[in-house]
Amino acid sequence: MFFIYNLLGNIILLLSPAIIAYRCMIGKEDPKRFTERYCKYKEAQNKAPLVWIHTASVGEMMSIIPILKKLESNKKIKKILLTSTTTSSANIFLKFKFKKTIHKYFPIDTDLFSNKFINFWNPKIAIFVESEVWPNMIKNLKLKKIPIILINARITKKSFDKWIKLKKFSKSIFGKINLALPQNKETSKYLKSLGVRNVRFCGNLKYYDNKYKKDKKNFTNSKLKNYKVWCAASTHHNEEIIIGNIHKKLKRKIKNILTIIIPRHIKRTKSIENQLREIDLKVQTHSQDKKIKDKIDIYLVDSFGINKSFYQLSNITFMGGSLIPHGGQNPLEPARLSNFIIHGAYIKNFTEVYSYLKKQKISLMTNSSLDIEKIVYEKINKRVSISKINKINDLGDKVLKKNLSELNNYIK
């Protein structure tokens with residue numbers, strides 16, 4: 001199976017110049033840094049062993065920030081390498097002022113480049129986040145006797161069903177992982193079935209409040225005192241138009257209502273703006289003017305790293321990716337800021353988190369726009385109690401401590 005995987009990898013490698021050129025055109029690749037995919041770096045080869053952490057994108061990176069902060073304060077650690085696969089995560093990394101940590105893009109997972117990457121950066125430990133499992137990289141790390149840890153591990157049933165179809169191949173990869181720290185019980189079960197010998201349940205790192213102070217300098221809210229505000233966050237295609245129509249109905253009952261839409265992918269901003277204007281809504285984008293204009297219906301947030309500013313102004317948030325079969329988005333940040341959470345039925349990516357919020361009576365599921373309208377109308381003036389938020393934070397503290405305790409056994 002490795003032969004077939006490498007054959008496909010080499011085909012992708014041959015096509016990669018065209019693929020990367022296209023990705024640069026659409027903003028999914030950095031024209032100044034795409035050579036990192038081929039393990040070409042401006043720095044000299046790293047000699048002293050470092051700690052390497054790999055994440056996929058923004059969500060995974062944000063979950064690992066508390067771990068990074070703790071590792072940065074560890075005097076035994078001189079350098080940390082953080083890799084990811086998306087430009088959005090690279091942009092988020094720049095907002096942090098780490099002293100020991102540098103960021104690079106993850107290389108193409110061929111036998112050649114995985115070996116080249118390991119030899120260049122000389123990691124003493126490799127920490128993969130959530131579901132980042134790359135066969136060639138894991139195989140070559142194991143050959144060089146470098147410990148492999150899968151932290152905040154997440155395997156969905158859909159992913160497990162795909163891996164288990166190639167049982168022998170899967171076990172040859174997962175069996176090389178030295179330690180897996182799953183974020184939920186379902187993943188624990190799947191990891192054991194896939195051949196991981198050392199599985200220790202620690203909980204989901206996303207429960208932890210990383211206390212990241214997002215940039216609020218570019219946002220002025222002096223006129224917001226005249227509005228009743230609610231948020232629709234991490235929305236996906238078709239969800240914005242649903243939210244827009246809900247706003248129109250709510251406006252009949254609440255004259256001064258303002259709906260803040262924070263799309264998951266800000267590159268869709270123009271099309272969202274056009275859609276909403278087609279149904280006669282007055283839209284203002286954050287990048288156009290930070291000051292709220294008069295008689296605005298929708299404030300469309302098209303900038304990274306400022307979500308927290310808007311959750312602080314709201315009492316209720318609809319979490320996107322849940323009215324369509326996407327799998328949902330992480331609701332913990334708005335919940336932690338005392339927002340009641342509304343979501344649809346498609347939440348398989350965060351089933352355990354939503355279950356916890358439901359038990360705390362902080363969230364409610366619905367597939368009906370009429371129900372969303374009713375809930376917003378009912379909750380727009382009510383904040384979730386601090387006692388409930390403290391329970392989330394207490395759980396997050398325990399999860400972080402457990403994960404760090406397990407990592408410290410490998411970081412010497």
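Strand β12 and strand β13 (residues 363-365) pair in the parallel sense, with three bridges between them, where two strands count as paired if DSSP finds at least two bridges between them. Helices (H or I, at least four residues) and strands (E, at least two) are DSSP runs, numbered from the N terminus. The model is a predicted one, in which local features need pLDDT of at least 70 and side-chain atom pairs count only at pLDDT 80 or more, while totals for chains, interfaces and linings use all residues. Residues are numbered from 1 along each chain as its sequence is written, and side-chain values use heavy atoms, with hydrogens and water left out.

**The seven-stranded sheet**

β12 and β13 belong to an open sheet of seven strands with parallel pairing, in the order β9-β10-β8-β7-β11-β12-β13. Its edge strands are β9 (283-285) and β13, each of which pairs on one side only, and from one strand to the next the twist averages 20°. Strands of a sheet pair through backbone hydrogen bonds, either parallel or antiparallel.

Residue I341 has a bridge partner on either hand: T317 is bridged to I341 of β12, and I341 in turn has S363 of β13 as its bridge partner. The pairing of strand β11 (residues 316-319) with β12 is parallel and runs over three bridges. β7 and β11 likewise pair in the parallel sense over three bridges, and there A233 has M319 of β11 as its bridge partner.

In a regular strand the side chains alternate between the two faces of the sheet. Strand β12 (residues 340-343) is covered on both faces, with F340 and I342 buried on one side and I341 and H343 buried on the other; buried means under 20% relative accessible area, exposed over 50%, and partly exposed in between, with a 1.4 Å probe and protein chains only.

Helix α10 (residues 269-278) packs on this sheet, touching β8 (257-263), β9 and β10 (298-300), and its direction makes about 165° with that of β9. Axes are lines fitted to C-alpha atoms, for helices over the stretch in contact, and angles run from 0 to 180 degrees between N-to-C directions. Contact means heavy atoms within 4.5 Å.

Y227 is placed in the loop between α8 (185-193) and β7 (228-235). Y227 is buried, with a relative accessible area of 15%, and touches N256, I257, L258, I292, K293, D294, K295 and I296, not counting residues up to four places away in sequence. Y227 and N256, 29 residues apart in sequence, have their C-alpha atoms 5.0 Å apart.

**The six-stranded sheet**

A further open sheet has six strands in the order β3-β2-β1-β4-β5-β6, again with parallel pairing. Here the edge strands are β3 (101-105) and β6 (179-182), each pairing on one side only, and the twist averages 20° from one strand to the next. Strand β2 (residues 80-84) pairs with β3 in the parallel sense over five bridges, and T83 has K104 of β3 as its bridge partner. Helix α8 lies across β5 (148-153) and β6, running at about 155° to β6. Helix α15 packs on the sheet, where it touches β4 (123-129), β5 and β6, and its direction makes about 175° with that of β5.

**Helix pairs**

| Helix pair | Axis distance | Angle |
|---|---|---|
| α2 (residues 58-72) and α15 (residues 386-408) | within 11 Å | roughly 50° |
| α4 (residues 111-121) and α5 (residues 135-143) | 9 Å | about 50° |

Angles under 35 degrees count as roughly parallel, over 145 as roughly antiparallel, 65 to 115 as roughly perpendicular and the rest as oblique; α2 and α15 are therefore oblique to each other, and α4 is oblique to α5. α2 passes α15 in a right-handed crossing, and the crossing of α4 and α5 is right-handed. A crossing is right-handed if the near helix is turned clockwise from the far one by less than a right angle, and left-handed if anticlockwise.

From α4, residues D111, S114, N115, F117 and I118 meet N136, M137, K139, N140 and L141 of α5.

In helix α2, I64 is buried, with a relative accessible area of 0%, and touches I53, T55, V129, I151 and L205, not counting residues up to four places away in sequence.
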